[in-house]
Amino acid sequence: MDKGEVMPSTTNHWSLLYPQADQRHHAAALTQAMQRVSDSGSYILGTEVAAFETEFAAFLGINHATGVANGTDAIELMLRALEIGAGSKVAVPSFAPSAVAAGVARSGAEPVFADIEPGTFTLCPEALDDLLRSPRGHGVKAALVVHLYGHPADWENLQRVADAHGIELLEDCAQAHGALWHGRMVGTLGRAAAFSFYPTKNLAAMGDAGAVATNDAELAERVRVIRQYGWKERYVSDHAGVNSRLDELQAAVLRVKLGALNESILQRRRLAAEYDARLVGSRVVTAPAVRGGCEHAYHQYVVRSERRDALMQHLQRAGIPVAALYPVPLHRQRAFGGNNEIMLESDRAAAAVLSLPMHPYLPEEAVGDVLEVLEKFEHEGS
Ligand SMILES: Cc1ncc(COP(=O)(O)O)c(C=O)c1O
């Protein structure tokens, strides 16, 4: 489940939420890894970080992964390294977590919004094209494509639009580690990609952590310079830079979990298939769509329901941890200019989405229980 979610538990299935279950599953290896760091005498940007960067890049099939302090910083540093900042705009989907727009704003660039596709909740290529042709789109230098919930966006058509307008196409993979677009890992599709390893993510640290992935060696080097005071060499700054370093403990934790990532995503897919099969024909919810050629990473298993609020209450009353992610679309957030622009699909999604329990340690009976409670709602019409 996502940030801040603590629900009452009425059955054993719900007494252990994902982040904790993940630590328990890896407890012995994590203890060993943390002891290794403790003994090493090196705690920030040392050998664990370097090894994680190499191993994560290999997992993705990309040349460079650069560890940073969190996913919001990864967005900021990726943009700063591309020299996209004050005076520029960055197009982002209007249905996404605030962190996406916050990361853009931290670079100095202005986030501007385009609507999503209803089926996959990802940036709509036609909406991006409309934005780029409109006065609001003047000054857009890049589009930051979010593979929301773990579903790859419509990359081919987004790339066509970006090429036609001469803008960069960047990825936000904070929710999509291990998702595939036509056999290619997300994070390797655009000029660069931002990752988060927040403890609820598919690849989860035990604190904050993030990375920027790219095949562009110069871009990777610029991220490395910016993440530590603009140092090219120790104590010598060409640019002001920031402190967005990854620490050794988080890197050591991530190395342990990275070894199990493929299997954990397969398990998420198995559970999703279980949900999908039982939700066929449901009159209350629509199961998440998967675009042809894509493999979902199921960071979230998100159904859509016209009766979302009543259904959410019904599930919560049964002690089932569910959440509406995200209740306020970005174009309506006061922090980002909160306006009355019509982003029809984003507004509709915000009112209809519901994340059902999903993580690799969830027993299949738990999925069965959720479906039973859901079916009861459907039959009782409550
Ligand atoms: C899509 C998306 N982008 C960016 C972020 C920011 O990551 P972090 O919380 O590590 O700063 C998150 C996570 O919260 C996210 O879900």
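**Exercise 1. Work out where strand β1 sits and how its residues are arranged.**

Strand β1 (residues 64-68) has 5 of its 5 residues buried, so the strand is largely enclosed by the rest of the structure. Here a residue is buried if 20 or more other C-beta atoms lie within 10 Å of its own, exposed if 12 or fewer, and partly exposed in between, with the C-beta atoms placed from the backbone. Strands (E, at least two residues) and helices (H or I, at least four) are DSSP runs numbered from the N terminus. The model is a predicted one, in which local features need pLDDT of at least 70 and side-chain atom pairs count only at pLDDT 80 or more, while totals for chains, interfaces and linings use all residues. Residues are numbered from 1 along each chain as its sequence is written.

Step 1: in a regular strand the side chains alternate between the two faces of the sheet. Step 2: in β1, His 64, Thr 66 and Val 68 point one way, whereas Ala 65 and Gly 67 point the other way, and all are buried. Step 3: β1 runs antiparallel to strand β9 (residues 210-214), to which 5 bridges join it, and two strands pair if DSSP finds at least two bridges between them. Within this pairing, Gly 67 stands opposite Ala 211 in β9.

**Exercise 2. Describe how the two domains of the chain meet.**

Step 1: the domain assignment, which is automatic or comes from a database, gives domain 1 (25-258) and domain 2 (260-380). Step 2: the C-alpha centres of domain 1 and domain 2 lie 24 Å apart, and 36 residues of domain 1 are in contact with 32 residues of domain 2; contact requires that the C-beta atoms of two residues, placed from the backbone, lie within 7 Å. Step 3: on the side of domain 1 that touches domain 2, α5, β3 (110-114), β6 (180-181) and α9 (248-258) each supply at least two residues.

Step 2: the largest nonpolar core has 117 residues, of which Met 78, Leu 128, Ala 143 and Leu 144 touch the most other members. Such a core is a set of buried Ala, Val, Leu, Ile, Met, Phe, Trp, Tyr and Cys residues joined through C-beta atoms within 7 Å. Because domain 1 and domain 2 both give residues to this core, it lies between them. Step 5: leaving aside neighbours within four places in sequence, Ala 143 is in contact with several residues, including Leu 128, Leu 158 and Ile 167.
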